[in-house]
Amino acid sequence: MQEFKPVKEGKVREIYDQGESLIMVATDRISAFDHILKNQITKKGAILTQMSRFWFDFTGDVVPNHMLSVDVKDMPVFFQNERFQGRSMLCRKLEMLPIECIVRGYITGSGWASYQENGTVCGIRLPEGLAESDRLPEPIYTPSTKAEIGLHDENISYERSVEILEGIYPGKGAGYAEQLRDKTIALYKKCAEYALTKGIIIADTKFEFGLDEQGNIVLGDEMLTPDSSRFWPLSGYEPGKGQPSFDKQFVRDWLKANPDNELLLPDEVVAKTADKYQEAYELLTGQPFAG
Ligand SMILES: Nc1ncnc2c1ncn2[C@@H]1O[C@H](COP(=O)(O)OP(=O)(O)OP(=O)(O)O)[C@@H](O)[C@H]1O
Ligand SMILES: [Mg+2]
């Protein structure tokens, strides 16, 4: 049997290169406050992979995406076992575009901080009188570029995204930037509206796109998971303050209450957090999580 080594290990995912395709494997690792914790959250990787799968299916008719299969039988023998089952996605390999496509439907986090200072979020002027966690009149597109390892991503204006893309693809920068923005907003609107009917607010999220061999823009990476988005419970939603995180609130609360934690959570917090991921999956898909 051929052995495979990940070509890349991100904070929570491992990427295996297959030439024309990639296998993205989500681990059970969890990060909080920019640190990877020592605990594994049981089934988290599988739940997030299946959640991405759900959204790719849900939006495939609007924007093409990179998903080929989540069945390990479609992957090399090396992947056909418990370790990879459920948590792996076979994807078309794309030429990724160096823009992180962020869309915000609610005002929170760094956006809220900047709005309080000068009434704008990433250079976009917003109406006066918004409260923290308020829903925005319309979702806004606030792209960023990926920073070197260890640094925070850098917010850029829409115009800068045109320049960056134009620098790599002369004559096509404006067209690509416009497509990224329009696809990002369209995907967010469709999915956030749907999630709301299931009791989950998707406050903001990030998409990544790439080009296929014909030069078409295709959605890649993970999609609308709590790792790439802010999920809030709809029940108890109340503007005027920060909202609890649907998935990580127990983790954050415990870490804050225990400053000398050494990034190790008690079993009880791990179990409650694992339940929240499963609950998010089941609410959104309407299906029991079979894993
Ligand atoms: N279809 C695809 N083809 C090629 N590369 C892809 C595809 N989908 C996603 N990628 C890339 O694969 C990588 C996934 O890495 P991963 O998200 O695990 O780590 P990271 O982005 O470096 O760090 P972080 O943990 O902060 O997300 C990203 O660089 C992403 O742009
Ligand atoms: Mg990433």
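Domain bounds, as I use them here, come from an automatic or database domain assignment. The model I examined is a predicted one.

**Entry 1. Domains**

I looked up how the protein chain is divided, and found domain 1 (1-93) and domain 2 (96-233).

I next examined where the domains meet. On the one side 15 residues of domain 1 take part, in contact with 15 residues of domain 2. I noted that α1 and β7 each contribute at least two residues to the side of domain 1 that touches domain 2. Helix α1 gives the most to that side, with 7 residues. By class, I recorded 10 nonpolar, 4 polar and 1 charged among the residues of domain 1 on this side.

**Entry 2. The open sheet**

I traced an open sheet of 5 strands and wrote down its order as β1-β2-β3-β7-β6, with antiparallel pairing. Strands β1 (8-9) and β6 (67-69) stand at the edges; each has a single partner strand, so one side of each is left without a neighbour in the sheet.

I then followed one pair within the sheet. Strand β3 (residues 21-26) pairs with strand β7 (residues 88-92) in the antiparallel sense, over 5 bridges. In this pair I found Val25 opposite Ser88 of β7. Helix α1 (residues 44-59) packs on the sheet, where I saw it touch β3, β6 and β7. The direction of α1 makes about 40° with that of β7.

**Entry 3. A hairpin**

I looked up β4 (residues 29-32) and β5 (residues 35-40), which pair in the antiparallel sense over 3 bridges. Arg29 stands opposite Gln40 in β5. The two strands, β4 and β5, form a hairpin with 2 residues between them. I checked the turn and noted that Phe33 has a positive phi of about 50°.

**Entry 4. Surroundings of ligand 1**

Which residues are the closest to ligand 1? I listed Gly10, Lys11, Arg13, His66 and Gly220 as the closest among the 17 residues that surround ligand 1. The elements that give two or more residues to this shell are β2 (13-17), β7 and β15 (200-211). I sorted the residues of the shell into 6 nonpolar, 4 polar and 7 charged.

Why does ligand 1 lie between the domains? I concluded that ligand 1 lies between domain 1 (1-93) and domain 2 (96-233) because both give residues to the shell around it.

Key: Residues numbered from 1 in each chain as written. Chains lettered and ligands numbered in written order. Predicted model: local features only at pLDDT ≥ 70, side-chain atom pairs only at ≥ 80, totals over all residues. Pairing = 2+ DSSP bridges. Helix = DSSP H or I, 4+ residues; strand = E, 2+ residues; numbered from the N terminus. Contact = placed C-beta atoms within 7 Å. Axes fitted to C-alpha atoms, helices over the stretch in contact; angles between N-to-C directions. Near = placed C-beta within 6 Å. Nonpolar A, V, L, I, M, F, W, Y, C, P; charged D, E, K, R; others polar.
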